Amino acid sequence: MNPLRTRSSLFALAFFVSSIASAASVKDYYEQIDPQIRKEILTEMRVRKVLKAQDGKLEDEDDKDNSIHKIDVAQFYQQKCGMPYTRDQQGRIVRPQVECRYTPRPKDNPFSGMSAKFDCAFAEVDKNGQVKADVRKVKYNADHQDGGGYKEVPQAVLGSGLGRLLGFYANTYCAVDLICHDCPSDDPWNENGKSHGAAAVGKKIKFNNVVVEVKQKGSTIIDRDHLNSAKPQGFSFNDEMSRYFPTESSLASGLRIEREALALWVNFIRHGDADPHNNKLVCVNSTKPEDLTVEKPQCQLAAGYVNDYGNSFGYSKDSRPLSLSKFLKSSLKISNGIGIAEGAASSANGYQVSREGRDLFVSMANQITDDQLKDIFDLAQMNVVSDSSVEQWIQGFRRKVQEIQNLSF
């Protein structure tokens, strides 16, 4: 029985009757949710969904047929991003050139974080054939280094792309070249008050090597007990993800193994900042009551994911290329017969990983083909932003997975 849908305590009932009246929308409700109810949602948080390739596209499935190797990366990005990803005559994936219209960020809803970014409106055709504006976040490198810089841009492509293939929930970061209409400058983050500045009507600026964010579906659930207005808290690995599980043992066991695989992934890429403000807890599927003052929404599926991959994949400094040797350092050790994830300078470091969690991660990683790895490493332009070739990164990825697989529990 799902505790998210069967609360009967007088405390919970009294809370919802008194508090839902203040929520103007389902989104507001989840952002204002009571800390105790948030923990109840966290107990059933999933981090991975079963995926299947259908005609080369990535789809959710209820069965366990994870045909990841059948996914065509170009078709996947075309599907998720709504942008024309193609291949050249040699079969290499081609970054599309797209256009958008600069949209000043409202001052009462500022960006979080310190990386350079701005909002831009992309033309989108809805299901009725009507063209509408879809405002998305664009991340770019303010130093205009070839390849998009050494931080944020390549890691966003790598973390979200490989994370998706592994089956984890994630935003999608679409690697593109961009023509920005009405952009006030070629550095709106630093020159225009963190992209709050007014549009420059008629002005066009070309941005090479940027990423456009497509958000993971869901209503954000914020930890009000540890709320920082600049950096809203999602969830922590060791303090929360490893502690809260359903009472039903078989369900708890399945969730525990999936969460171990995610923690191992974060250590595998040696993430330096997968802390609560960079992890998101969302309600993916929720009921929508007709009257929020009378009835509360019900979260039917909660998901957790890593939202920001900026400090990972061999990153050291903004002025230095990504280091393959740094990426290749150990990510799992055995201590007194227990697997301990290591390598992430974040809340995922030291996470206990069972043999089953290790085996799940290894099986997922081994399903990714060399062609898929090459596509994603090419999109991230590892030949330019790192100290090693795409081929060397593929070999390194394989070697690191094999080392984890060979550990004896």
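## A walk through the bonds and strands

Lysine 27 has a relative accessibility of 48%, so it counts as partly exposed. That label has cut-offs: buried means under 20% relative accessible area, exposed means over 50%, and partly exposed is in between (1.4 Å probe, protein chains only).

Before going on, keep in mind that this is a predicted model: local features need pLDDT of at least 70 and side-chain atom pairs count only at pLDDT 80 or more, while totals for chains, interfaces and linings use all residues. Residues are numbered from 1 along each chain as its sequence is written, and side-chain values use heavy atoms, with hydrogens and water left out.

How confident is the predictor? The chain has a mean pLDDT (the predictor's confidence in each residue, from 0 to 100) of 87, and 88% of its residues reach 70 or more. Where pLDDT is low, the predicted coordinates should not be read in detail.

**Salt bridges**

Back to lysine 27. Which residue does lysine 27 form a salt bridge with? The partner is glutamate 31, with the closest N and O atoms 3.1 Å apart. To count as a salt bridge, a side-chain nitrogen of Lys or Arg must be within 4 Å of a carboxyl oxygen of Asp or Glu. Both residues sit in helix H2 (residues 26-31), four residues apart, which is about one turn of the helix. Helices (H or I, at least four residues) and strands (E, at least two) are DSSP runs, numbered from the N terminus. Glutamate 31 is partly exposed too, with 27% relative accessibility.

How many salt bridges does a search of the whole structure find? There are 17. One of them joins aspartate 72 to arginine 87, with 3.4 Å between the closest N and O atoms. Aspartate 72 is in the loop between strand S2 (57-60) and helix H4 (73-81) while arginine 87 is in strand S3 (residues 86-87), so this pair ties together parts that are 15 residues apart in sequence. Aspartate 72 is partly exposed at 23% relative accessibility, and arginine 87 is partly exposed at 32%.

Is arginine 358 buried or exposed? Arginine 358 counts as buried, at 5% relative accessibility, whereas aspartate 359 is partly exposed at 37%.

**Disulfides**

A disulfide is a covalent bond between the sulfur atoms of two cysteines. Here the cut-off is a pair of cysteine sulfur atoms within 2.5 Å, and a search of the whole structure finds three.

| Cysteines | S to S distance |
|---|---|
| Cysteine 81 and cysteine 174 | 2.1 Å |
| Cysteine 100 and cysteine 120 | 2.0 Å |
| Cysteine 180 and cysteine 183 | 2.1 Å |

The torsion about the S-S bond of cysteine 81 and cysteine 174 is about -95°, so that disulfide is left-handed. Cysteine 81 lies in helix H4 and cysteine 174 in strand S8 (residues 172-181), so the pair ties together parts that are 93 residues apart in sequence. Both cysteine 81 and cysteine 174 are buried.

The link of cysteine 100 and cysteine 120 is right-handed, with 80° about the S-S bond. Cysteine 100 is in strand S5 and cysteine 120 in strand S6, so this pair ties together parts that are 20 residues apart in sequence. The link of cysteine 180 and cysteine 183 is right-handed as well, with 80° about the S-S bond. Counting bonded cysteines along the chain, the pattern is 1-4, 2-3, 5-6.

**Strands**

S5 (residues 97-103) and S6 (residues 117-125) also pair as strands, antiparallel, over three bridges. Two strands pair if DSSP finds at least two bridges between them. Threonine 103 has aspartate 119 in S6 as its bridge partner.

On to the next pairing: S6 and strand S7 (residues 131-139) run antiparallel and are joined by nine bridges. S6 and S7 form a hairpin with five residues between them, and glycine 129 in the turn has a positive phi of about 85°.

Elsewhere, three strands form an open antiparallel sheet in the order S10-S11-S12. The edge strands, S10 (219-220) and S12 (299-306), each pair on one side only.
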